[in-house]
Amino acid sequence: MIFGAHVIMFSQDAEADRAFMRDVLGFSSVDVEGGWLVFSLPPAEPAVHPHDENGRHELFFITDDLGGEMAALSAKGITCSEVEEARWGTVTRIHLPGGGDAALYQSKLPTAFAHA
């Protein structure tokens with residue numbers, strides 16, 4: 001039985017991105033060996049989209065209050081991109097310290113998991 005999923009984010013500065021996940025996003029973690037943190041994430045839902053290129057992945061964090069979450073990130077010194085309206089949700093991007101980015105969005109569609 002599959003009981004979870006392990007997501008890998010590649011980074012040019014893994015230590016900085018781990019600190020971001022821990023200190024800014026507040027995700028709990030376990031140290032699996034010598035400071036190598038693996039984080040607990042909120043419920044997740046994988047989606048498969050058609051694309052011309054295989055092996056491309058994106059990370060989206062979901063919120064019920066995009067404006068409030070952006071304000072909380074701003075208070076921690078994190079700048080979000082301009083908000084974009086899409087058919088499926090309202091989205092911004094967060095630049096990660098390691099050079100990558102992640103999306104933060106408020107869905108206009110039902111989620112595949114129950115949340116409070």
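Okay, let's start with the surface. The accessible surface of the chain comes to about 8,700 Å², and 55% of that belongs to carbon and sulfur atoms. Keep in mind that this is a predicted model.

Staying with side chains for a second, what about charge? We've got 7 positive and 17 negative side chains, and the centres of the two sets sit 3 Å apart.

Now the overall build. The chain has 2 helices and 6 strands, and if you read along the sequence you get α-β-β-β-α-β-β-β. On dimensions, the C-alpha trace spans about 45 × 40 × 35 Å along its principal axes. For 116 residues, a compact globule would have a radius of gyration near 13 Å, and the chain has 15 Å, so the two agree.

How much of the chain is buried? Of the 116 residues, 25% count as buried. And if you take contacts with a separation of 6 or more, 41% of them come from residues 24 or more positions apart.

Let me finish on one residue, Tyr105. You'll find Tyr105 in strand β6, which covers residues 101-107. Buried or exposed? Tyr105 has a relative accessible area of 10%, and the cut-off for buried is under 20%, so Tyr105 is buried.

And what does Tyr105 touch? Leaving out residues up to four places away in sequence, its contacts include Phe60, Phe61, Ile62, Leu66, Trp88 and Val91. Glu45 is on that list too. As for Pro46, that residue is 59 residues from Tyr105 along the chain, and their C-alpha atoms are separated by 15 Å.

Technical notes: Residues are numbered from 1 along each chain as its sequence is written. This is a predicted model: local features need pLDDT of at least 70, side-chain atom pairs count only at pLDDT 80 or more; totals for chains, interfaces and linings use all residues. Side-chain values use heavy atoms; hydrogens and water are left out. Helices (H or I, at least four residues) and strands (E, at least two) are DSSP runs, numbered from the N terminus. The radius of gyration is taken over C-alpha atoms; the globule rule is 2.2 Å times the number of residues to the power 0.38. Buried means under 20% relative accessible area, exposed over 50%, partly exposed in between (1.4 Å probe, protein chains only). Contact means heavy atoms within 4.5 Å. Accessible areas come from the Shrake-Rupley method with a 1.4 Å probe; for residues, only the protein chains shown count as cover. Lys and Arg count as positive and Asp and Glu as negative; His and the chain ends are not counted. The place of a charge is taken as NZ of Lys, CZ of Arg, CG of Asp or CD of Glu.
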